[in-house]
Amino acid sequence: MTSSPTSSKTTAPLGLLCAMMFLQFFVWGAWYVPVTGWLNDLGLGGLTVWVFSVCPIAAIVSPIFLGMVADRFFPSQKVLGILHIIGALFMIAIPLVITKQPLAESPTSFWHPCILLMLGHALCYMPTLALSSSVALAHIASAEKQFPIVRVAGTIGWIIAGLVVSMLLPGGDKSPAQFYVVGVAGVILGLLSFALPNTPPPLAGKKVSVGQLLGFDALSLLKNPQFALFILCSLLICIPLSGYYQQARNFVAFSGLADPAFKMTFGQMSEVFFMAIMPLIIVRLGVKKMLLFGMLAWVARYGLFALGASDQVAWMVVAGIILHGICYDFFFVAGQIYVDNDTPHEIRGQAQSFFVLITQGVGMLIGAQ
């Protein structure tokens with residue numbers, strides 16, 4: 001792929017790109033953690049397993065859509081806008097269709113209308129994670145200096161979403177209004193996307209296979225025992241990570257802490273801090289030691305949760321949440337750097353796709369189930 005001219009990378013004000021990324025993760029954060037409060041209040045807790053399966057399913061499908069359609073035929077900013085608006089409509093429909101009803105037992109079917117609507121949203125949303133990053137990178141002068149600023153705006157968006165749902169909505173995270181918040185934010189982001197500079201489809205005129213899009217050509221890297229071990233650890237870590245996203249809000253509520261969705265944002269606040277100091281840590285520790293510390297942080301987090309559960313020890317629960325910064329940044333962000341540094345240039349993109357497929361797709365789906 002040829003690099004864009006310098007002029008095309010400086011046409012978007014940094015504030016506009018930050019606003020895009022802020023809303024990108026606001027949309028996700030406004031429902032992904034708080035939703036279990038709403039499910040339990042409606043007696044739909046049995047659907048939780050499928051609610052947290054729709055995003056991994058979409059993560060497996062989205063590279064195919066991006067590579068075969070979006071990245072070959074349409075400008076990225078227009079695809080971004082259309083997907084967010086359609087995805088917003090699915091979310092707005094949820095509280096209109098799903099109402100509180102007396103049930104003998106909680107439904108558990110994948111074909112429940114709630115799950116189908118959330119799957120529709122996820123199939124629209126998950127491709128936009130890659131699209132928003134590609135649009136930002138295409139229109140900044142320095143990826144190393146400016147993209148971290150844009151990406152941190154996304155984490156701040158997730159934090160603000162948790163605050164809005166937990167603190168401002170009547171009923172907090174039990175309120176169906178959280179879906180209207182997601183929908184309105186999605187529509188605003190969709191309209192904003194059309195104001196972004198033109199970003200031509202990066203694979204226009206190129207032939208690609210499904211295997212290339214999913215990163216299957218990177219399977220040859222598994223012959224390297226170190227890379228194979230890294231992929232195995234990544235898969236295993238994502239299994240309990242899915243359980244964390246699925247049940248941590250309920251666990252915080254069980255521990256007696258008020259405003260559980262707000263308390264969960266402490267993890268993202270920690271993530272912002274560790275993201276800011278990561279360049280210094282990489283220099284001192286190196287990527288492989290960071291991966292090790294990241295894995296140990298997961299052990300410490302679940303240890304704190306287990307020790308604090310029976311006696312509802314608040315500081316242990318809060319400390320486990322705050323460890324999210326190390327858990328996520330030291331493993332997943334450092335993992336992306338490891339993949340970039342330790343794979344041949346010609347299959348580096350496929351290796352990153354394979355890493356996402358294994359973690360956000362397969363690992364998270366197993367964990368949800």
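Predicted model: local features only at pLDDT ≥ 70, side-chain atom pairs only at ≥ 80, totals over all residues.
Student: Why is Thr359 called buried?

Tutor: Buried means under 20% relative accessible area, exposed means over 50%, and partly exposed is in between (1.4 Å probe, protein chains only). Thr359 has 2% relative accessibility, so Thr359 counts as buried. Thr359 sits in helix H15, residues 348–368; helices (H or I, at least four residues) and strands (E, at least two) are DSSP runs, numbered from the N terminus.

Student: Which residues does Thr359 touch?

Tutor: Not counting residues up to four places away in sequence, Thr359 touches Ser234, Cys238, Phe332 and Met364. Contact here means heavy atoms within 4.5 Å.

Student: Is His84 buried or exposed, and what does His84 contact?

Tutor: His84 has a relative accessible area of 4%, and is therefore buried. His84 belongs to helix H5 (residues 76–97). Its contacts, leaving aside neighbours within four places in sequence, are Gln24, Tyr125, Thr128, Gly186, Leu189 and Gly190.

Student: Why is Val187 called partly exposed?

Tutor: The relative accessible area of Val187 is 27%, so Val187 is partly exposed. Val187 lies in helix H8 and, apart from neighbours within four places in sequence, is in contact with Ile85 and Ala88.

Student: How do you know whether Asp173 and Arg249 are buried or exposed?

Tutor: Asp173, at 5% relative accessibility, counts as buried. Arg249, at 7%, also counts as buried.

Student: What makes the space lined by Val33 and Trp158, among others, a cavity?

Tutor: On a 1 Å grid over the protein atoms alone, a cavity is a set of points where a 1.4 Å probe fits but cannot get out, whereas a pocket is an open set with protein on both sides within 12 Å along at least five of seven lines; lining residues have an atom within 4 Å of a point. A search of the whole structure finds two cavities of 30 Å³ or more. The largest cavity holds about 90 Å³ of space. Its lining has 13 residues, of which Val33, Trp158, Met264, Thr265 and Gln268 lie nearest its centre. Helix H7 (143–168), H10 and H11 each give two or more residues to that lining, and H11 supplies the largest share, five residues.

Student: Which residues line the second largest pocket, and how much space lies in it?

Tutor: About 210 Å³ of space lies in the second largest pocket; a volume is the space filled by probe spheres set on the points, which are joined across faces, edges and corners. The lining consists of Gln226, Leu229, Phe230, Cys233, Lys288, Leu291, Leu292, Met295, Phe331 and Tyr338. Helix H10 (225–254), helix H12 (287–309) and helix H14 (324–341) each supply at least two residues of the lining.

Student: Why is the phi of Asp259 worth a remark?

Tutor: Most residues other than glycine have a negative phi. Asp259 is not a glycine, yet has a positive phi of about 50°. Asp259 is in the loop between H10 and helix H11 (260–285). With a relative accessible area of 31%, Asp259 is partly exposed.

Student: Which residues of helix H13 are buried, and against what do they pack?

Tutor: In helix H13 (residues 314–322), Met316, Val317, Val318, Gly320 and Ile321 are buried. The buried residues of H13 pack against H10, H11, H12 and H14.

Note on methods
Residues numbered from 1 in each chain as written. Heavy atoms only, no water.
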